[in-house]
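Here is a note for a colleague who is opening this structure for the first time. Please read the points with the model in view.

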Amino acid sequence: MIFASFCLSIFAGTFGTLVGLGGGVILIPFLTIVMDVPLQTAIAISLLSIVATSNSAAARFLGQDLVRIPVANFLELGTVLGALVGVFISGLLPSGVLFIFFGFFLLFSAYQMFQSRSEMIGKENHPLALRFSLSEADEKLEKIPGAWFVMVVAGILSSVLGIGAGVFKVLAMDRMLKLPLKVSTATSNFMIGMTASASSFLYLLQGKIPILLGGAVSSGMFLGAFFGARLVSRISTQGLRRIFVFVLILIGIQMILRGFNGN
Amino acid sequence: METKRRSFIVGQFLKISNLLVLLVLLIGFVFLISKGQPEAESYIYWGLLMMAVTPFLRTILLFGIYFLERKFWLMAITGMTLILILGSQLWMPFSH
């Protein structure tokens, strides 16, 4: 079973790196349903494996000049702040309703992305992009406050609903900042490691991660991310967009079902 | 120029860190096959800890780079993130 987890993690790491999500969407159902791992343990292992994916993929993406580091730092702050706010207000918000609402939001986003035939490219820098030195590679970053707000909401959702924020990060960068999709997924890969790092470190210290299983999954994700990062440069933007639309639909439906099933 | 330099430095840091982590994990898995679980787990545990702390160290590195580049807004943004994460870990559980 350890070997099976390792093999599946390679696939999850490859897939997660392609779309900038980290792979938890594949890993958690496998660990809980097939491996019969308790949900909290599965989440802890998934967080650790997200760090593995991020470390491995980011090393490659940085060399390909696909990561926008200042943008990543700026958006990370929003996500972390949102996650902290989410901890305080968790329990005050009806999680079932939130699951359903944001599930439909993701389906709508999938429809919008599917309709876009070409990349949305920013035409003019928002003043904050210049003030904070966020703009790189001659790209124009629009709707900076909007993107940051989306990150805060994503952070709140990740805390309240226990989901990863990767999909919202890619959406915010693609739709609002108008960064190219490959740059958005690569930058998201860079970011997700930071937000998962703190939690996974604590889980390890608290002994909540089975070491052999955690080691096998992390190693698999590491390897998968290595392949995924190489694949990004070979796949067309349109192909990547189709994969991401599929992922949006998958996660959207998953969220809606969780909302109706009482989480 | 700054962009390429930043990406290069952080990229090299990650590559070195990844190699070290993989080496420790590999030793652990070799021990697992040759000597059994107890000794292997110690190596794998330390490898995973090193991996978990890498993004945090990467962010500290970036903080230093921004300081040297005199990008004070980016320093402030990165510094606030580090403080928020550290602070949250010290006094309440952090949920992802």
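1. A cut-off comes before the rest. A residue counts as buried when its relative accessible area is under 20%, as exposed when that area is over 50%, and as partly exposed in between. Take A:Lys178 as a case: its relative accessible area is 14%, so A:Lys178 is buried. Keep in mind throughout that this is a predicted model.

2. What does chain A consist of? Chain A has 11 helices and zero strands. Read along the sequence, its pattern is α-α-α-α-α-α-α-α-α-α-α. Along the principal axes, the C-alpha atoms of chain A fill a box of roughly 50 × 40 × 35 Å.

3. Does the radius of gyration of chain A agree with a compact globule, or disagree? A compact globule with 263 residues would have a radius of gyration near 18 Å. Chain A has 17 Å, so the two agree. Of its 263 residues, 61% count as buried. Now take the contacts in chain A with a separation of 6 or more: residues 24 or more positions apart account for 80% of them. The chain exposes about 9800 Å², and carbon and sulfur atoms supply 68% of that area.

4. Chain B is built from helices too. It has three helices and zero strands. From the N terminus on, its elements run α-α-α. Its C-alpha trace spans about 50 × 35 × 20 Å along the principal axes.

5. How does the radius of gyration of chain B stand against that of a compact globule? A compact globule of 96 residues would have a value near 12 Å, but chain B has 17 Å. Buried residues make up 44% of the 96 residues. Among the contacts in chain B with a separation of 6 or more, 53% come from residues 24 or more positions apart. Chain B exposes about 5200 Å², with 77% supplied by carbon and sulfur atoms.

6. Next, look at a helix pair in chain A. Helix α1 (residues 2-19) and helix α11 (residues 237-260) of chain A have axes that come within 9 Å and cross at roughly 110 degrees. By class, the contact of α1(A) with α11(A) has seven nonpolar residues, no polar and no charged ones.

7. Most residues other than glycine have a negative phi. A:Asp65 has a phi near 60 degrees, a positive value in a residue other than glycine. A:Lys178 also is not a glycine, and has a positive phi of about 60 degrees. Where are they? A:Asp65 is in the loop between α3 (39-63) and α4 (69-89) of chain A. A:Lys178 is in the loop between α8 (166-176) and α9 (181-205) of chain A. A:Asp65 is partly exposed, with a relative accessible area of 29%, whereas A:Lys178 is buried, at 14%.

8. A:Phe105 sits in helix α5 (residues 95-115) of chain A. Is A:Phe105 buried or partly exposed? Its relative accessible area is 35%, so A:Phe105 is partly exposed. Leaving aside neighbours within four places in sequence, A:Phe105 is in contact with A:Phe168 and A:Leu171. A:Leu75 is 30 residues apart from A:Phe105 along the chain, and their C-alpha atoms are separated by 20 Å.

9. In chain B, turn to helix α2 (residues 37-69), where B:Glu69 lies. B:Glu69 is buried, with a relative accessible area of 12%. What does B:Glu69 touch? Not counting residues up to four places away in sequence, B:Glu69 touches B:Glu2, B:Arg5 and B:Arg6.

10. End with B:Thr78, in helix α3 (residues 72-91) of chain B. B:Thr78 counts as buried, at 1% relative accessibility. With residues up to four places away in sequence not counted, B:Thr78 touches B:Thr59, B:Phe63, B:Tyr66 and, in chain A, A:Asn73. B:Thr78 and B:Gly64 are 14 residues apart in sequence, and 9.8 Å apart in space, C-alpha to C-alpha.

Conventions:
Residues are numbered from 1 along each chain as its sequence is written. Chains are lettered from A and ligands numbered from 1 in the order in which they are written. This is a predicted model: local features need pLDDT of at least 70, side-chain atom pairs count only at pLDDT 80 or more; totals for chains, interfaces and linings use all residues. Side-chain values use heavy atoms; hydrogens and water are left out. Axes are lines fitted to C-alpha atoms, for helices over the stretch in contact, and angles run from 0 to 180 degrees between N-to-C directions. Helices (H or I, at least four residues) and strands (E, at least two) are DSSP runs, numbered from the N terminus. Ala, Val, Leu, Ile, Met, Phe, Trp, Tyr, Cys and Pro count as nonpolar, Asp, Glu, Lys and Arg as charged, and the others, Gly among them, as polar. The radius of gyration is taken over C-alpha atoms; the globule rule is 2.2 Å times the number of residues to the power 0.38. Buried means under 20% relative accessible area, exposed over 50%, partly exposed in between (1.4 Å probe, protein chains only). Contact means heavy atoms within 4.5 Å. Accessible areas come from the Shrake-Rupley method with a 1.4 Å probe; for residues, only the protein chains shown count as cover.
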